[in-house]
Amino acid sequence: MAKLTLSILFFINRDLPVSGFDPTAFNYEFNWVAETHCVEHNVRATAEQNFVLDGTPINIKKGTKFHLLSSYKYPVDYFQNLAIEGGLKPIDYFVYENQRMVIHVLGVS
C-alpha cells in the first residue's frame, strides 16, 4: 500500500500543471482509527517545498501530513449488518488464512 500511496505524488507531478514539485520528498505513514475501522494511508513531507500548481504558488512545510487514501477493515458482523441495512442478504463469507482479508458473498433480499 505504501508504494501505491506514494505513486499518487508521481502522478501529480506527471499529470498536473505543476513546476518545482518533488514527489520524492515524502514518506508513507499509516494510521489505524479503531472507531471507524479505517486505515488512513498518509504521506508526510520530509522537506519544505515551494512549487507552482496551475499558476498558484504552494508551500508545504516539512512534517506536513496529507491523508490520501482510506482502507476500511470491518469486522464480519459489522459488515453483514451494513449489507442488511442496504437491502442485501449475507449468504456466506470466507476469511483468508492470515485473517487480514474477508470476502463476502451477498444476495438480493
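**Salt bridges and a neighbour**

Mentor: At 48% relative accessibility, Asp-15 counts as partly exposed, a class that lies between buried (under 20% relative accessible area) and exposed (over 50%), as found with a 1.4 Å probe on protein chains only. The model is predicted, so local features need pLDDT of at least 70 and side-chain atom pairs count only at pLDDT 80 or more, while totals for chains, interfaces and linings use all residues. Residues are numbered from 1 along each chain as its sequence is written, and side-chain values use heavy atoms, with hydrogens and water left out.

Asp-15 forms a salt bridge with Arg-14, their closest N and O atoms being 2.6 Å apart; the term stands for a side-chain nitrogen of Lys or Arg within 4 Å of a carboxyl oxygen of Asp or Glu. Arg-14 is exposed, at a relative accessible area of 59%.

The whole structure holds 2 salt bridges, and Arg-44 and Glu-29 also meet in one, at 2.7 Å from N to O. Because Arg-44 belongs to strand E3 (residues 38-45) and Glu-29 to strand E2 (residues 26-33), this pair ties together parts that are 15 residues apart in sequence. Strands (E, at least two residues) and helices (H or I, at least four) are DSSP runs, numbered from the N terminus. Arg-44, at 28%, and Glu-29, at 26%, are partly exposed.

Finally, Leu-16 sits in the loop between helix H1 (2-15) and strand E1 (18-19), and Leu-16 is partly exposed at 41%. Leaving aside residues up to four places away in sequence, Leu-16 touches Phe-11 and Leu-53, where contact means heavy atoms within 4.5 Å.
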